[in-house]
Amino acid sequence: MAKIVNLGSTCYISSSLQLLFSIDSFREQLLVAATVTKLGLEIKRLFKQMSERKTVSVRAFAHLLKISDKQCRLNHEDIQEFLLELVNKLRQDTAVNNIIDSVFNGVLQTNSSSSPMEPFFGTSFVQMTCN
């Protein structure tokens, strides 16, 4: 695993990148995609560095997302909110949007007669504690 340099309170950025990188189909398709946006190119560059097990700095990535150095040191973000925001921004790149659709979209099939199939992108999980 590559080492991602923490810029302060940026574990949510590192965790999001590691999560996306760990999804083989997403990573493999992204690395060969004809990305066009700055964000798409930057995440592709980061994935290449992570593949080579190099130490990775997320400073340029954070700046593309309009996260300042000060925010990196002070803000604690929710990883689920950040990841959804990141994916929405990545969708602006047509090549990445197609990858996101092929890897993450699905169809929820129910026994309801009104709408037996509903497309979805994300799901939320409720954490339960058992006594």
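1. The protein chain contains 7 helices and 4 strands, where helices (H or I, at least four residues) and strands (E, at least two) are DSSP runs numbered from the N terminus. Along the sequence their order is β-α-α-α-β-α-α-α-α-β-β.

2. This is a predicted model, in which local features need pLDDT of at least 70 and side-chain atom pairs count only at pLDDT 80 or more, while totals for chains, interfaces and linings use all residues. Residues are numbered from 1 along each chain as its sequence is written, and side-chain values use heavy atoms, with hydrogens and water left out.

3. Of the 131 residues in the protein chain, 33% are buried. Buried means under 20% relative accessible area, exposed means over 50%, and partly exposed is in between (1.4 Å probe, protein chains only). The protein chain exposes about 8,400 Å², and 53% of that comes from carbon and sulfur atoms; accessible areas come from the Shrake-Rupley method with a 1.4 Å probe, and for residues only the protein chains shown count as cover.

4. Taking contacts in the protein chain between residues at least 6 apart in sequence, 59% join residues at least 24 apart. Contact means heavy atoms within 4.5 Å.

5. The whole structure holds 4 aromatic pairs. Rings of Phe, Tyr and Trp (its six-membered ring) pair if their centres lie within 6.5 Å; planes under 30 degrees apart count as stacked, over 60 as edge-to-face and the rest as tilted. One of the pairs is Phe26 with Phe47, which is edge-to-face at 6.2 Å centre to centre and 75° between the planes. Phe26 is in helix 2 (residues 24–32) and Phe47 in helix 3 (residues 38–51), so this pair ties together parts 21 residues apart in sequence. Both are buried: Phe26 has a relative accessible area of 1%, and Phe47 is at 0%.

6. Phe26 also pairs with Phe104; the centres are 5.7 Å apart and the planes at 50°, so the pair is tilted. Since Phe26 lies in helix 2 and Phe104 in helix 7, the pair ties together parts that are 78 residues apart in sequence. Phe104 is partly exposed, at 23% relative accessibility.

7. Ring pairs join Phe21, Phe26, Phe47 and Phe104 into a cluster. Arg27 lies over the face of Phe21, 4.9 Å from the ring centre; the criterion is NZ of Lys or CZ of Arg within 6 Å of the ring centre and within 35 degrees of the ring normal.

8. Asn97 belongs to helix 7 (residues 94–104) and is buried, with a relative accessible area of 19%. Neighbours within four places in sequence aside, Asn97 is in contact with Leu90 and Arg91.
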